[in-house]
Amino acid sequence: MKPEEELPFATLTGSLKDFRAPADRELLRRAEGFFAWQDRRRQHGLWPYARSTESAPSTSCQVRNDDGQIFQGTNFASQDYLSLSSHPRIKEAAIAAVERYGVHSAGSAALLGNTANSLALERALSQFLDDREIVLYPTGWSAGFAAVQGFVRSHDHVVMDVLAHSCLQEGARAATGSVHHFAHLSTDALRRRLQRIREKDARGGILVVTESLFSMHSDVPDFAAVRAACDDHGATLLIDCAHDFGCMGPDGRGNLAAAGLLDAADILIGSFSKSFASNGGFIAVKSRAGAEYLKYYSATQTFSNALSPAQAAVVLTALDIVRSDEGTILRNRLMANILHLRHAVERTGLHALGSPSPIVPVFVGGEALGRLIARRLPGSGGLANLVEYPAVPKSESRFRFQVMAGHTADDVERMIAALDEAVKAGRADLERLGLSAAAPAVGTGAEELDPA
Ligand SMILES: Cc1ncc(COP(=O)(O)O)c(C=O)c1O
């Protein structure tokens, strides 16, 4: 790592947003400005993304940086909330599925890609979700995209929480030009927007989109109020439960079920990648007609190969664990770790945002400080993901800790010691560079670049 005195200003400024719409007739040449900025960050140890695991993504993990350096750390950067990805039963299920069915579904669901395992998974999920009809997708992202694109047409409207996940935003953009955002979690803003739409268009469809746990803020909407707003304006409600399904709520059915409001969502979408140890996702609707429609009108189901037999077997086994006494024990351990981590964060003088969930976002401040701390964290023995603008608002950089049931109290204390050390070192680096901790440092560095 080069000494911080040598860090060019441009490595601590600018954001991905600066390079989203570069003007150049040559489409591929447009990437060069971005690459110059990114590579300069990489060369100075300031590109904490695209790392790879050299061991299982367990509570301690060996990781290779994007610049090739390897390090070992206490891992709060993986999405394996119930620690099922190396569970012996899950591994056995995957191996047995490969032995029996081979490794590939070899088709889209419509064209012979369904397998005995995917059908069994649909049945089991349906039973877990009060007999909803289930449609499986190759990823959670494709399920989110499909839930919007599959049902919404160009004469309809989508009204979404401004922080809804990219899969939902992209699905809305693909479906209609009438996409509206309301302030994060504000039911008043949602109502105002719905009223304005209905004043002009009494007949068009309206899809309201929100999440049951927001992945960068760890906060939760008022489900009953959102449902009431939809009812008052003839709108359909879609809720993305990617992060809480399986790991939250007494029975693992997530925040909606914990509030007694599972039925409130007309369309439920979920991911297997957080609590079910596999890629994949699903949409759960209340009618067979809705599910059959999605199978032929949502592009990522109709035109994409289905889950592999091993993925379906993994999720089926994970679901069996989620529903069992072991699942309850794992969720209790997870929540104990979450509460321990949140408490320990506050002890260091930092602040954990949102409410207790497997996502613990820890606010650090300006982008420059966030990057300098992220540069120090692996050397201190900790692994956590930095989230910076535009994924979160300007000057609200944070580390997103993702907690697992398998973490021990010692893991939490080790992570906090690493964070504390990295924060102190990062702040000292910032001071030596003569920058302020709150420095927005966004959108001001591009002029320093020489994008060929
Ligand atoms: C809220 C939300 N929805 C959907 C997804 C996509 O899920 P997957 O990563 O399983 O494709 C994510 C992923 O991170 C997410 O946070």
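The cover over the buried residues of helix α5 includes α4 (140-149), β5 (157-161), β6 (179-182), β7 (206-211) and β8 (236-240). Under that cover, the buried residues of α5 (residues 166-175) are Cys167, Leu168, Gln169, Gly171, Ala172 and Ala175. Please keep in mind that this is a predicted model.

**Helices side by side**

Two packed helices are described by the angle between their axes and the distance between the axes. Take helix α12 (residues 325-347) and helix α14 (residues 409-432): their axes come within 10 Å and cross at roughly 25°. Because angles under 35 degrees count as roughly parallel, α12 is roughly parallel to α14. The crossing of α12 and α14 is right-handed. On the α12 side, the contact is made by Asn337, His340, Leu341, Ala344, Val345 and Arg347, and on the α14 side by Ala409, Val412, Glu413 and Ile416. Sorted by class, this contact of α12 with α14 has six nonpolar, two polar and two charged residues.

Now turn to helix α2 (residues 88-101) and helix α11 (residues 309-323), which pack at an angle of about 150°, with their axes 8 Å apart. Here, too, α2 passes α11 in a right-handed crossing. From α2, the contact takes in Arg89, Ile90, Ala93, Ala94, Ala97, Val98 and Tyr101; from α11, Pro309, Ala310, Ala313, Val314, Thr317, Ala318, Asp320 and Ile321. By class, the contact of α2 with α11 has 12 nonpolar, one polar and two charged residues.

**Aromatic rings**

How many aromatic pairs does the count come to? The count comes to 15 aromatic pairs. A pair of aromatic rings is described by the distance of the centres and the angle of the planes. Two of these pairs are set out here:

| Pair | Centre to centre | Angle between planes | Arrangement |
|---|---|---|---|
| Phe34 and Trp37 | 6.2 Å | 50° | tilted |
| Phe272 and Phe282 | 5.8 Å | 25° | stacked |

Phe34 and Trp37 both sit in helix α1 (residues 31-43), three residues apart, about one turn of the helix. Is each one buried or partly exposed? Phe34 is partly exposed, with a relative accessible area of 24%, while Trp37 is buried, at 2%. Phe34 and Trp37 also belong to one aromatic cluster together with Phe19, Trp47 and Tyr49.

In the other pair of the table, Phe272 lies in the loop between β9 (267-271) and β10 (281-285), and Phe282 lies in strand β10, so the pair ties together parts that are 10 residues apart in sequence. Phe272 counts as buried, at 0% relative accessibility, and Phe282 is buried with a relative accessible area of 0%.

**Around Phe399**

Finally, have a look at Phe399, which is found in strand β15 (residues 397-402). Phe399 is buried because its relative accessible area is 1%, and buried means under 20%. Which residues does Phe399 touch, not counting residues up to four places away in sequence? They are Val360, Pro361, Val362, Val364, Gly370, Ile373, Ala374, Leu377, Ala384, Asn385 and Leu386. For a sense of scale, Phe399 and Ala23 are 376 residues apart in sequence and 32 Å apart in space, C-alpha to C-alpha.

Methods
Residues are numbered from 1 along each chain as its sequence is written. This is a predicted model: local features need pLDDT of at least 70, side-chain atom pairs count only at pLDDT 80 or more; totals for chains, interfaces and linings use all residues. Side-chain values use heavy atoms; hydrogens and water are left out. Axes are lines fitted to C-alpha atoms, for helices over the stretch in contact, and angles run from 0 to 180 degrees between N-to-C directions. Helices (H or I, at least four residues) and strands (E, at least two) are DSSP runs, numbered from the N terminus. Angles under 35 degrees count as roughly parallel, over 145 as roughly antiparallel, 65 to 115 as roughly perpendicular and the rest as oblique. A crossing is left-handed if the near helix is turned anticlockwise from the far one by less than a right angle, and right-handed if clockwise. Contact means heavy atoms within 4.5 Å. Ala, Val, Leu, Ile, Met, Phe, Trp, Tyr, Cys and Pro count as nonpolar, Asp, Glu, Lys and Arg as charged, and the others, Gly among them, as polar. Rings of Phe, Tyr and Trp (its six-membered ring) pair if their centres lie within 6.5 Å; planes under 30 degrees apart count as stacked, over 60 as edge-to-face and the rest as tilted. Buried means under 20% relative accessible area, exposed over 50%, partly exposed in between (1.4 Å probe, protein chains only).
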